[in-house]
Amino acid sequence: MHQIKGYIVFLLLPFLLLNCKKDKTAKTSYKTENVVVIVVDGPRYSETWGAPNQELIPHMKNDMAPEGVVFTNFRNNGPTYTTAGHTAILTGFYQDLNNGGEEMPERPNYLQYWLKDNEADSTKAWFIASKDKIEPLANCKDSLWADQYIPRTDCGKTGLGSGYRADSLTVDHVLDSMERYHPNLVFINFRQPDVLGHTAVWEDYIAAIEQVDRHY
């Protein structure tokens, strides 16, 4: 997303485990004020960073990578179903959840931690996804965190149960939310490579990777 200025962007393709500690330590002052985490759901390493010339992801390779670090030596601690994989990214813990959006994670996510720690309004942290079924991951079951410090959500067509929406529409929603609310923290999910990968039509899967790369 070359349109996003003033933000540090983390691109997770497909899944990266983050470590979120529950025990609070001494607060550290950071220079970074704005962070965007983008999850591209579905593409394999062999068609992206593992390809000889990364020809399907030229924007990620030529525009994003030189501005940051490409780290590929990581592993997921279990099957990368959508809800389980995203839960690992959001909470730092792998949990085998119902993959239809019917369960919340046991632990709070890093957006909740940030909102509480900064005593910020919910509009300053956004959870935006092409897949409606991951909307419950913005909340959790932990008794000290449930229904508290929840980021604003914009998932699927109109929320959980409404169905998936096109990634191009998700891009529009992201840019609109950032323009209107100027959030400090944004989590984004793109779905197209995963959805078309499941069709087993190779050409459509490849086109989806190229398409989501153009969004950047």
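Which residues have the most contacts inside the largest nonpolar core? They are Val36, Ile38, Met60, Val186, Ile188 and Phe190, in a core of 21 residues. A nonpolar core is a set of buried Ala, Val, Leu, Ile, Met, Phe, Trp, Tyr and Cys residues joined through side-chain atoms within 4.5 Å. Two or more residues each come from β2, α1 (58-64), β3, α4 (167-181), β5 and α6. The largest share, 4 residues, is given by α6. A second, separate core holds 18 residues, including Val37, Leu111, Ile134 and Ala138. In soluble globular proteins, nonpolar side chains tend to be buried together.

The model is predicted: local features need pLDDT of at least 70, side-chain atom pairs count only at pLDDT 80 or more, and totals for chains, interfaces and linings use all residues. Residues are numbered from 1 along each chain as its sequence is written, and side-chain values use heavy atoms, with hydrogens and water left out. Helices (H or I, at least four residues) and strands (E, at least two) are DSSP runs, numbered from the N terminus.

Helix α3 spans residues 110-118. Its residues Tyr110, Leu111, Gln112, Tyr113 and Leu115 are buried (under 20% relative accessible area; exposed is over 50%, partly exposed in between; 1.4 Å probe, protein chains only). The buried residues of α3 pack against β2 (35-40), α2 (82-91), β3 and β5 (185-190). Asn109 caps the N-terminal end of the helix. One of its side-chain oxygens lies 2.9 Å from the backbone nitrogen of Leu111. Just after α3, Glu119 takes a positive phi of about 50°.

Two further residues have positive phi. Tyr149 has a phi near 55° and lies in the loop between β3 (125-129) and β4. Tyr149 counts as partly exposed because its relative accessibility is 31%. Ala200 has a phi of about 65° and sits in the loop between α5 (192-197) and α6 (202-214). Ala200 is exposed, because its relative accessible area is 68%. Most residues other than glycine have a negative phi.

Asp154 is placed in strand β4 (residues 152-155). Its relative accessibility is 14%, so Asp154 counts as buried. The Asp154 side chain makes a polar contact with the side chain of Arg165 at 2.7 Å. Another polar contact, also 2.7 Å, joins the side chains of Asp154 and His173. A polar contact is a pair of N or O atoms within 3.5 Å; within protein, one must be able to donate a hydrogen and the other to accept it, and residues adjacent in sequence count only if both atoms are side-chain atoms. Leaving aside residues up to four places away in sequence, Asp154 touches Trp126, Phe127, Ile128, Ala129, Arg165 and His173 (contact means heavy atoms within 4.5 Å).
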